Amino acid sequence: MSTTSTTSTTEHPTSFGVFKPVGHVVISFPSAEQAQAARSAVEQAEQPPEAIHCYTPAEMLQQIDHDLAGASSVAAIGQELNLVKAHQALAERGYHWLIIKVRNADHAREIAEQVKPLGAERAQLYGHFIIEELIEHEGDLPQVAESPDRGLDAQTPSGDERERAAIRPPEPALAKTGDR
């Protein structure tokens, strides 16, 4: 992970071998600049810096590779594995990530509302039993169905997370090459 955090990816909690940071919001951004702007905004709102972890696309892909290699067959029953694959599609397109420790669901929603205008594509609150999507964008299709077989519903015509990532690319002024 980047930034001042010294937490290694092996210290993060898992569920059946898949990364599952219960009590955290996992937020994706098309560019490093958007992620950094969101981090600054969240810190200014009195979120302690040690509660915020940043992942580059390469770091997220490394975490995902670790998850996929260690996932048990039980992980495929829930949505954790589908969510890992959705994160993989975004990381492959250069998305950056903030993982923020939250006090409760209301705090998570406040953070999601704060970072959405800064370019956040997705924000998921990881609970013990459910993972809640906190950001909806204008033009998102209604969620239809998710299952271990169908995967995560990306709310796009194709149902593919790669299409979702392409819908809202980073702002040209904020995009930076060589970030991966």
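Gln47 is found in the loop that runs between helix 1 and strand 4, where helices (H or I, at least four residues) and strands (E, at least two) are DSSP runs numbered from the N terminus. This is a predicted model, in which local features need pLDDT of at least 70 and side-chain atom pairs count only at pLDDT 80 or more, whereas totals for chains, interfaces and linings use all residues. Residues are numbered from 1 along each chain as its sequence is written, and side-chain values use heavy atoms, with hydrogens and water left out.

**Overall architecture**

- The secondary structure of the protein chain amounts to 5 helices and 7 strands, and along the sequence the pattern reads β-β-β-α-β-α-α-β-α-β-β-α.
- Of the 180 residues in the protein chain, 44% count as buried, a class that means under 20% relative accessible area, with exposed meaning over 50% and partly exposed in between (1.4 Å probe, protein chains only).
- Among contacts (heavy atoms within 4.5 Å) in the protein chain between residues at least 6 apart in sequence, 73% join residues at least 24 apart.

- Not counting residues up to four places away in sequence, Gln47 touches Val42, Ile52, Ile100, Lys101, His107 and Ile111.
- For Gln47 and Ile111, which stand 64 residues apart along the chain, the separation between C-alpha atoms is 9.5 Å.
- Glu46 also has its place in the loop between helix 1 and strand 4, but with 71% relative accessibility Glu46 counts as exposed.
- The phi of Glu46 is near 70°, which is a positive value in a residue other than glycine; most residues other than glycine have a negative phi.
- Ile52, one of the residues that Gln47 touches, belongs to strand 4 and, at 1% relative accessibility, counts as buried.
- Ile52 and His24 are 28 residues apart in sequence, and the distance between them in space, C-alpha to C-alpha, is 9.4 Å.

**Helix 2 against helix 3**

- Helix 2 (residues 57-70) and helix 3 (residues 80-92) pack at an angle of about 150°, with their axes 9 Å apart; axes are lines fitted to C-alpha atoms, for helices over the stretch in contact, and angles run from 0 to 180 degrees between N-to-C directions.
- The two helices, helix 2 and helix 3, are therefore roughly antiparallel to each other, given that angles under 35 degrees count as roughly parallel, over 145 as roughly antiparallel, 65 to 115 as roughly perpendicular and the rest as oblique.
- The crossing of helix 2 and helix 3 is left-handed, a term for the near helix being turned anticlockwise from the far one by less than a right angle, with right-handed used if the turn is clockwise.
- On the helix 2 side, Pro57, Met60, Leu61, Ile64, Asp67 and Leu68 meet Leu81, Val84, His87, Gln88, Ala91 and Glu92 in helix 3.
- By class, the contact of helix 2 with helix 3 has 8 nonpolar, 2 polar and 2 charged residues, where Ala, Val, Leu, Ile, Met, Phe, Trp, Tyr, Cys and Pro count as nonpolar, Asp, Glu, Lys and Arg as charged, and the others, Gly among them, as polar.
- Gln88, in helix 3, is buried with a relative accessible area of 18%, and Gln88 touches Leu61, Ile64 and Leu68 when residues up to four places away in sequence are not counted.

**Helix 1 against helix 4**

- The axes of helix 1 and helix 4 come within 10 Å and cross at roughly 135°, which makes helix 1 oblique to helix 4.
- The crossing of helix 1 and helix 4 is right-handed.
- Ala38, Ala41 and Val42 of helix 1 make the contact with Ile111, Gln114 and Val115 of helix 4, and the residues of this contact divide into 5 nonpolar, 1 polar and no charged.

- Val115, leaving aside its neighbours within four places in sequence, is in contact with Ile27, Phe29, Ala38, Val42 and Ala120.
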